[in-house]
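Please look over the protein chain shown below, and keep it in view while reading the report that follows.

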Amino acid sequence: MTLQRTFSIIKPDAVKKGATGDILHMLQHAGFNIIGMKMLEITKQQAEGFYAVHASRPFFNSLTTFMSSGPIVVLALEKENAIADLRKLMGATDPAKADSGTIRKKHAASIEANAIHGSDAEETAKFELNYFFAGYELAG
Ligand code: CMP
């Protein structure tokens, strides 16, 4: 399989509790190459744009408020089978259902404050990478 890119966010809950370093370590230990990384805060409007596919969901308002509540770390990651492998390493959306050894099992507090986001498909990975990174920022 050829190299694939995916996009990830270390969410405000994980940054706030000082889990950034451990999550980066877990990603690198699992073979992900970090080709782009920055810490920033986004506005509610920018969170709404990012999560536009969830606009009709009941949790949309709460989710976008949470995602704009503090610093996040956005990551461009590269690896063979990166999209599926990141989802596996993250664990289930609901940390109560996450397998041991996963990032969410270790660091997530709730279904909303669940430590990390990862793209769920190739099309979304493209959209999400482009949302936060310009081509020249990626050290591919
Ligand atoms: P994420 O992978 O970032 O994509 C959408 C996010 O919505 C998800 O992680 C959760 O943090 C958040 N969310 C909040 N409530 C729910 C819910 N009931 N079901 C699924 N996702 C939820």
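Predicted model: local features only at pLDDT ≥ 70, side-chain atom pairs only at ≥ 80, totals over all residues.

Helices (H or I, at least four residues) and strands (E, at least two) are DSSP runs, numbered from the N terminus. The buried residues themselves are Ala 82, Ile 83, Asp 85, Leu 86, Leu 89 and Met 90, where buried means under 20% relative accessible area with a 1.4 Å probe, taken over protein chains only, while exposed means over 50% and partly exposed lies in between. Just after helix 5, Gly 91 takes a positive phi of about 90°.

Residues are numbered from 1 along each chain as its sequence is written. Local features need pLDDT of at least 70 and side-chain atom pairs count only at pLDDT 80 or more, whereas totals for chains, interfaces and linings use all residues, and side-chain values use heavy atoms, with hydrogens and water left out.

## The nonpolar cores

A nonpolar core is a set of buried Ala, Val, Leu, Ile, Met, Phe, Trp, Tyr and Cys residues joined through side-chain atoms within 4.5 Å. The largest one has 20 residues, of which Ile 10, Ile 23, Leu 27, Phe 32, Leu 75 and Ile 103 touch the most other members.

Leaving aside neighbours within four places in sequence, Leu 27 is in contact (heavy atoms within 4.5 Å) with Phe 32, Leu 75, Leu 77, Leu 86, Leu 89 and Ile 103. Apart from this core lies another, of 19 residues, among them Ile 42, Phe 50, Leu 63 and Phe 66.

## The chain as a whole

The secondary structure of the protein chain comes to 7 helices and 4 strands, which run β-α-α-β-α-α-β-α-α-β-α from the N terminus on. The radius of gyration, taken over C-alpha atoms, is 14 Å, close to the 14 Å that the globule rule (2.2 Å times the number of residues to the power 0.38) gives for 140 residues, so the chain is as compact as a globular protein of that length. Buried residues make up 47% of the 140 residues.

## Ala 139

Ala 139 is found in the segment after helix 7 (122-132), and it counts as exposed because its relative accessibility is 63%. The C-alpha atoms of Ala 139 and Gly 36 are separated by 6.5 Å, although these residues are 103 residues apart along the chain.
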